[in-house]
Amino acid sequence: MKKLLIFALLLFIGFEILTVLADVPFGEDRMNVSKFYLEKSPAELKVANVVTAIVVNFRGFDTLGEVTVLFLAAAGIGSILYRRRSVHTGLNPKRTSTEASSIVQAGAKVLFPLILLLGAYVFVHGHLTPGGGFQGGAIIATGFLLKLISYRKFSVKHSTVTWVESLAGIVFVVLGLLGIVYGGTFLENFLPAGELNSLISGGVIGIIYVAVGFKVGSELTGVLDTLLNISQDEETQ
Amino acid sequence: MIVIEYLAYFLITVGALFLFLGALGIFRMPDLYTRIQAGTKASTLGAMSLILGVGLLGFVTFTPGYPWLIKTLVIVIFVAIANPLSSHALARGAYKDKLIPFSKEHIDAYEEADNNKEKEQKEDAK
Amino acid sequence: MSSTLIVITLISLFFLIVAGIYAIVKKDLLQAVIATGLISLVLSILFFILQAPDVALTEAAIGIALSTIIFVLAIRNTKRFED
Amino acid sequence: MTYFFIIIISIIALAAILAFVRFVKGPTAADRVVALDTISFMAIALMVLLGFVLERFIYIDVSLIYAVLGFVGVITIARYLEGGI
């Protein structure tokens with residue numbers, strides 16, 4: 001009886017889905033939204049990278065949600081692991097048990113500013129080349145990680161990380177609210193658009209991507225620092 | 001210009017051959033350390049010369065050629081720093097992980113150097 | 001030229017499938033993480049060939065460095081054995 | 001010119017297959033990391049080559065990111081094997 005009921009239900013659902021699908025026309029061009037994006041982003045917003053225009057301007061509210069999700073994840077990791085870390089009373093928490101070899105240290109010293117520069121390049125040029133705030137932030141966090149695993153004495157101040165992160169989030173939200181004041185909708189582009197394919201173009205898009213880059217970079221750096229600071233002898237207890 | 005173009009083709013060919021030789025070394029060598037040395041040296045030279053060759057070719061082919069050349073030069077510099085560094089760290093990590101080198105005469109110069117250093121430190125303490 | 005791209009795509013897909021099976025089957029967690037790194041490398045090449053440089057860059061930045069590192073840090077805080 | 005690039009790309013693909021065989025066979029974790037490192041440098045070279053062939057200037061940003069970040073993962077695994085972190 002039960003199996004028969006399930007079968008009848010499945011048959012009904014399948015019939016309904018088929019009748020809905022029968023109304024969908026085949027072989028017609030239905031992609032009106034993407035056409036709108038492709039036409040509008042170089043012409044009005046003056047942004048060469050259409051993906052950036054969609055992520056930051058047309059779907060900017062979703063990006064704010066994504067940044068918030070990332071912030072919640074970082075806060076969750078911090079709240080779980082922070083208690084274990086605070087057991088240590090010493091100023092220098094026991095992050096690494098041995099020092100890295102001097103070749104790795106010298107390489108880290110040379111490459112650390114270059115990696116930070118590359119991350120800044122990726123998020124400053126977010127509207128011209130592939131990439132943007134998230135990728136640039138991940139690159140910056142990787143640079144900090146290289147320094148963290150090479151040097152025992154190098155440490156990241158958590159107060160600085162929190163300040164940078166909060167300021168970047170505030171800049172994002174304030175720019176969105178200014179869009180309401182000047183243009184009528186959230187994240188409306190109220191600055192002059194500039195010229196296509198130049199660095200200062202696209203209005204607020206570049207500024208928002210710089211803010212997102214700082215926010216993601218500081219959050220991921222905080223997560224990696226928290227993960228590294230759990231000492232090994234504490235685990236064995 | 002034509003000289004640069006032929007030089008670029010030569011560099012690309014050399015780079016591809018060295019990449020292949022590096023992969024062959026990784027495939028054929030008997031233990032980890034020999035594999036690391038085959039992979040690092042051959043594939044660093046191969047990748048560097050191939051990328052430099054493509055950069056020179058782009059410099060000749062495209063009309064504003066210099067941005068292409070500069071970007072490929074940056075990649076070449078990064079490859080030249082990064083690949084030896086990571087291979088060194090990997091070999092050291094594997095040695096500290098007690099991976100035995102493949103050799104018929106068990107000569108371990110690294111251990112001897114460590115022992116000598118310890119002896120010197122003890123003598124200094126005395 | 002397009003046939004060459006198809007051949008590269010097929011080789012990449014083969015790598016992807018073998019590395020994926022390897023990452024699931026292997027008992028040693030560190031080697032599974034290395035296989036995950038190879039998966040993200042191959043995926044990045046595939047996105048590159050499909051002309052989606054944004055996605056390829058994201059996969060490169062997140063996949064090969066950050067997620068591998070976070071997995072390694074998680075393994076460090078648990079136990080690992082080699083079979 | 002096109003045939004030249006086809007030959008070069010096939011040589012790189014053959015090399016990648018050889019390194020992948022070592023990745024599957026390699027007895028220890030470190031062997032697999034070496035194979036992964038070599039394959040990633042081949043991927044960098046292949047991306048630059050494809051960026052030139054497809055005439056897309058901005059595509060080589062991806063290989064730039066790979067050249068910088070690929071080695072940080074390898075160093076982390078090496079430091080873990082060493083017992084450092």
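Thr28(D) counts as buried, because its relative accessibility is 15% (buried means under 20% relative accessible area, exposed over 50%, partly exposed in between, with a 1.4 Å probe and protein chains only). The model is a predicted one, in which local features need pLDDT of at least 70 and side-chain atom pairs count only at pLDDT 80 or more, while totals for chains, interfaces and linings use all residues. Residues are numbered from 1 along each chain as its sequence is written, chains are lettered from A and ligands numbered from 1 in the order in which they are written, and side-chain values use heavy atoms, with hydrogens and water left out.

Thr28(D) is placed in the loop between helix 1 and helix 2 of chain D (helices are DSSP runs of H or I with at least four residues, strands are runs of E with at least two, and both are numbered from the N terminus). The side chain of Thr28(D) makes a polar contact of 2.8 Å with the side chain of Asp31(D). A polar contact is a pair of N or O atoms within 3.5 Å; within protein, one must be able to donate a hydrogen and the other to accept it, and residues adjacent in sequence count only if both atoms are side-chain atoms.

Asp31(D) also forms a salt bridge with Arg35(B), with 2.5 Å between the closest N and O atoms (a salt bridge is a side-chain nitrogen of Lys or Arg within 4 Å of a carboxyl oxygen of Asp or Glu). Helix 1 (2-25), helix 2 (29-53) and helix 3 (60-82) of chain D each supply at least two residues of the side that touches chain B. Helix 2 of chain D gives the most to this side, with 14 residues. Between chain D and chain B there are three salt bridges.

Of the five pairs of chains in contact, chains B and D share the most contacts (contact means heavy atoms within 4.5 Å). Their interface takes 43 residues from chain D and 45 residues from chain B. The two chains bury about 4000 Å² between them, 82% of it on carbon and sulfur atoms; buried area is the accessible area (1.4 Å probe) that two parts lose on being put together, summed over both. Chain B and chain C, by contrast, do not touch, and their nearest C-alpha atoms are 12 Å apart.

In chain A, Ser150(A) belongs to helix 6 (residues 133-150). Ser150(A) counts as buried, because its relative accessibility is 1%. A polar atom of the Ser150(A) side chain lies 2.6 Å from the backbone oxygen of Leu146(A).
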